[in-house]
Amino acid sequence: MTPTPDNPQRTDSSTQKRQLLVWILRIGVLVAVLALAIAGLGACSNEDNGSGKESGNGSSNPSTASADRAAVSGPATIFAAASMKPVGDELTAVFTAAYPDASLTWSYGGSSDLVRQIEQGAPADVFISANQKNMTKALSTQDFEGAQAHVIATNTLVLALPQGNPGHINSIEDLSGKRVAICAPQVPCGTIAHSALEAKGITLDKPSEEPNVASVSTKVATGEVDAGFMYSTDVKAQADKGVTAIDINGVEPNQYPVALTTRGRDNTTAKAFTEWLNTDTAQQILARYGFTPAT
């Protein structure tokens, strides 16, 4: 109907309906836009969460971590300096708990003796020396061809005393005329001890020369000698037997390097263990036994 001056109310009503329809359409468009925007944000959030899980840490994926552990299996033989003996069992327990299909067998001795044994065909996969000198010697042999060593810890030689200090020893200068246990010169603990004595101009009276520091430790702990040259880690291991120690001026910490033999190069357990030794977990264990961090 055409609007007329006689019917102004009908004209206003039609206009209001058209305006209402326009507002309804606008609101509908706005709702649709908001819905699309919310859906887009949700998709982005899901993508971000997914990429975060993927890029955060490869081992955070349970299946990937399981696959990594499964790849490490079988036995490995560790030739290690005698001063590693107190900590060896705990290192083994924690490592094999992380890698259940792996197993470790340790053979302890003087570092120079271990190098000789490996040269003579002893089945070692990993070698841990108590100094750089013997590791350098090992790396020059065919048994370590292409191998690279890295340091896992340090240790310091001290003068150890049995319970009660029966020899009344207060310094290295008091050793003259005392019963003293000392490692053979070619063994790291002996090399350092003899150098310290020479620097002070001290000559021992018929010392008990031992093949490794473990033998010195036993003689001190049982009171067979008045003193012995041992590492701080050995003194800590014998603390329950009353063994104490005196620092030796001028003695610097010696490094403990580790390397794979050619036999151990393709041994997944040996490779994993040498890498694991520098993890926070392994370093904390070594520290509890008196070793200091690698330098």
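Strands are DSSP runs of E covering at least two residues, numbered from the N terminus. Under that scheme, Tyr231 belongs to strand 8. The model is predicted. Its average pLDDT is 84, and 77% of the residues score at least 70.

Over residues 29-34, pLDDT stays under 50. For that stretch the model has 0 contacts beyond four places in sequence. Residues 36-64 also stay under 50, with 3 contacts beyond four places in sequence. Where pLDDT is low, predicted coordinates should not be read in detail.

Strand pairing was examined next. Strand 1 (residues 74-81) pairs with strand 2 (residues 102-109). The pairing is parallel and spans 8 bridges. Within it, Ala80 has Tyr108 of strand 2 as its bridge partner. Helix 3 (residues 85-98) carries the chain from strand 1 to strand 2. This β-α-β crossover is right-handed.

Strand 6 (residues 180-183) pairs with two other strands. Strand 8 (residues 227-231) runs parallel to strand 6 and is joined to it by 2 bridges. Here Val180 stands opposite Ala227. Strand 7 (residues 208-210) is also parallel to strand 6, through 3 bridges. In this pair, Ile182 is bridged to Glu209 of strand 7. Between strand 6 and strand 7 the chain passes through helix 6 (residues 188-200), and this β-α-β crossover is right-handed.

The side chains of strand 6 were then assigned to faces. In a regular strand, side chains alternate between the two faces of the sheet. Val180 and Ile182 point one way from strand 6, while Ala181 and Cys183 point the other way. All of these residues are buried.

Annotated positions follow. An unreviewed UniProt entry lists Ser83, Ser111, Val213 and Tyr231 under "binding site". These positions are spread over 149 residues of sequence, yet they cluster in space. The largest C-alpha distance among them is 14.0 Å. Ser83, Ser111, Val213 and Tyr231 also take part in the lining of the largest cavity.

Two of the annotated residues are described individually. Ser111 lies in helix 4 (residues 111-119). Its relative accessibility is 1%, so Ser111 counts as buried. Beyond its neighbours within four places in sequence, Ser111 is in contact with Ala81, Phe127, Ser129, Ala130, Asn134 and Pro188.

Tyr231, in strand 8, has a relative accessibility of 2% and therefore counts as buried. Its contacts, leaving aside neighbours within four places in sequence, include the annotated residues Ser83 and Val213. Tyr231 also touches Asn155, Thr156, Leu157 and Val158. Further contacts of Tyr231 are Ala130, Pro188, Cys189, Ile192, Asn254 and Tyr256. Ala130 and Pro188 are in contact with Ser111 as well as with Tyr231.

Asn212 is found in the loop between strand 7 and helix 7 (213-221). The cut-off for burial is under 20% relative accessible area. Asn212 has 15% relative accessibility, so it counts as buried. Leaving aside neighbours within four places in sequence, Asn212 is in contact with Ala82, Gly109, Gly110, Cys183, Val187 and Cys189. Among these contacts, Gly109 belongs to strand 2 and Cys183 to strand 6. Cys189 is in contact with Asn212 and also with Tyr231.

Notes. Residues numbered from 1 in each chain as written. Predicted model: local features only at pLDDT ≥ 70, side-chain atom pairs only at ≥ 80, totals over all residues. Heavy atoms only, no water. Pairing = 2+ DSSP bridges. Helix = DSSP H or I, 4+ residues; strand = E, 2+ residues; numbered from the N terminus. Right-handed = clockwise from strand over helix to strand, strands pointing away. Buried < 20%, exposed > 50% of the residue type's maximum accessible area, 1.4 Å probe, protein only. pLDDT = per-residue confidence, 0-100. Contact = heavy atoms within 4.5 Å. UniProt positions renumbered as here; feature names shortened; annotations may be inferred. 1 Å grid on protein atoms, 1.4 Å probe; cavity = no way out; pocket = protein on both sides within 12 Å on 5 of 7 lines; lining within 4 Å.
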